[in-house]
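Colleague: I would like to learn how to read a protein model feature by feature, with the general idea given before the case in hand. Could we go through one together?

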Amino acid sequence: MADANLTAVPMASPGYGKQSAPGQAPRHHGDFGQLPPREACIAAFIDRLPDGASVDIKTLAKQIPAYGQQAVASALNKLSAAGHLRRFREPLGEGRTQWVSRTYFSRTPRDDSWWERFLGEGIAAEAPPGPVAVAASPPPSRSPAYLALVSLGRACPQLALSAAECADLEDLAGQWLEHGVTPADFVRILTTGLPKVIHSPGAFTRKRLVSKVPPEPLPDAHATTPPSRRVMECTGCGVPGRPEALSGGLCRACHGEPPPADPASIELPAPAGADVHALVSHLRTLARTSR
């Protein structure tokens, strides 16, 4: 059912429309199985749309006749809350002043923290979705610090470390990288001035990691944090907001929560309220006695 109308997909204006989130898991027949039938159907339909396709409520309702606009709008809110999509405003291109609204979709559900990192750090939107070849990147557990330790043995056989030793020294090596040392400099520093004989490469490397760790870099007083290239919007109503204010990609109103209390409607504290009532009562008494 989800593929029925993919033959004539309306495309959004250039720069707008659907965008595939990076790093998704490969497509699988069990995708969206945890969602209710309506949400699963609409999610599967969006998942198979090409990037740039229109994914606004009216267009989706026309493409999926089983559901009207209200049903589609409700389903999109639930897909957002489930972590499958977010709406962003972002520049059309580097150096361009025109901003566009895009809907990023991920068949792999993401939590709020992932979407916030995507918003703030600019995880490459151009990264192709789909499976990643095993040979193209190291396993997730192989951190840059671990790989830097492995490189020691390649640069100097005297410091060839076992897998267990690399894992044991990973945190110490990570401190070097956190202090701004590049992997190349890491290898150069640790392999310079070695003794002729090293009986225990692991113990020797540990000693050097501790004794030669560089200081933390001083903050650059002139450095400025580059502004984010994206602004998150509420999936339901499109209002822009900070990620922490848009839990599940939805504002308080679209979550069905009451808005923050209006300061003008806040009742006076008890003592002040009592004083007002006493004053009103006193004025009424004066009015009666003056007649």
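Colleague: What should I know about the model before I begin?

Modeller: This is a predicted model, in which local features need pLDDT of at least 70 and side-chain atom pairs count only at pLDDT 80 or more, while totals for chains, interfaces and linings use all residues. Residues are numbered from 1 along each chain as its sequence is written, and side-chain values use heavy atoms, with hydrogens and water left out.

Colleague: What is the mean pLDDT of the chain?

Modeller: pLDDT is the predictor's confidence in each residue, from 0 to 100. In this chain its mean is 78, and 71% of the residues reach 70 or more. Over residues 124–139 pLDDT stays under 50, and the model has 13 contacts (heavy atoms within 4.5 Å) for that stretch beyond four places in sequence. Residues 262–276 also have pLDDT below 50, with 2 contacts beyond near neighbours in sequence. Where pLDDT is low, the predicted coordinates should not be read in detail.

Colleague: How many helices and strands does the chain have?

Modeller: Helices (H or I, at least four residues) and strands (E, at least two) are DSSP runs, numbered from the N terminus. The chain has 9 helices and 4 strands, and from the N terminus on they run β-α-α-α-β-β-α-α-α-α-α-β-α. Among contacts between residues at least 6 apart in sequence, 66% join residues at least 24 apart. A residue is called buried under 20% relative accessible area, exposed over 50%, and partly exposed in between (1.4 Å probe, protein chains only); buried residues make up 35% of the 291 residues here.

Colleague: Which residues of helix 3 are buried?

Modeller: An α-helix has 3.6 residues a turn, so residues three or four places apart point the same way. Helix 3 covers residues 69–81, and its 13 residues reach 18 Å from the first C-alpha to the last, close to the 18 Å expected at 1.5 Å a residue; the expected span is 1.5 Å times one less than the number of residues. Its buried residues are Ala71, Val72, Ala75, Leu76, Asn77, Leu79 and Ser80, and what covers them includes helix 1 (37–47), helix 2 (57–63) and strand 2 (85–91). Helix 3 is followed by glycine 83, whose phi is positive, near 90 degrees.

Colleague: Where does alanine 82 lie, and which residues is alanine 82 in contact with beyond its neighbours in sequence?

Modeller: Alanine 82 lies in the loop between helix 3 and strand 2, and is partly exposed, with a relative accessible area of 32%. Leaving aside neighbours within four places in sequence, alanine 82 is in contact with Leu35 and Pro109. The C-alpha atoms of alanine 82 and proline 109 are separated by 6.6 Å, although the two are 27 residues apart along the chain.

Colleague: Is serine 106 buried or exposed?

Modeller: Serine 106 counts as buried because its relative accessibility is 0%, and it sits in the loop between strand 3 (99–105) and helix 4 (112–121). To read its partners we need the polar contact, a pair of N or O atoms within 3.5 Å; within protein, one must be able to donate a hydrogen and the other to accept it, and residues adjacent in sequence count only if both atoms are side-chain atoms. The side chain of serine 106 reaches the backbone oxygen of threonine 108 at 2.5 Å, and a polar contact of 3.4 Å joins it to the side chain of arginine 110. Not counting residues up to four places away in sequence, serine 106 touches Ala21, Gln24, His84 and Trp115.

Colleague: What does the side chain of glutamine 24 reach?

Modeller: The side chain of glutamine 24 reaches the backbone nitrogen of arginine 107 at 2.7 Å. Glutamine 24 is found in the loop between strand 1 and helix 1, and is buried, with a relative accessible area of 4%.

Colleague: Which residues line the largest cavity?

Modeller: On a 1 Å grid over the protein atoms alone, a cavity is a set of points where a 1.4 Å probe fits but cannot get out, and a pocket is an open set with protein on both sides within 12 Å along at least five of seven lines; lining residues have an atom within 4 Å of a point. Grid points are joined across faces, edges and corners, and a volume is the space filled by probe spheres set on the points. The largest cavity, of about 50 Å³, is lined by Arg86, Asp112, Trp115, Glu116, Met232, Pro243, Leu246, Gly248 and Gly249, and helix 4 gives the most to this lining, with 3 residues.
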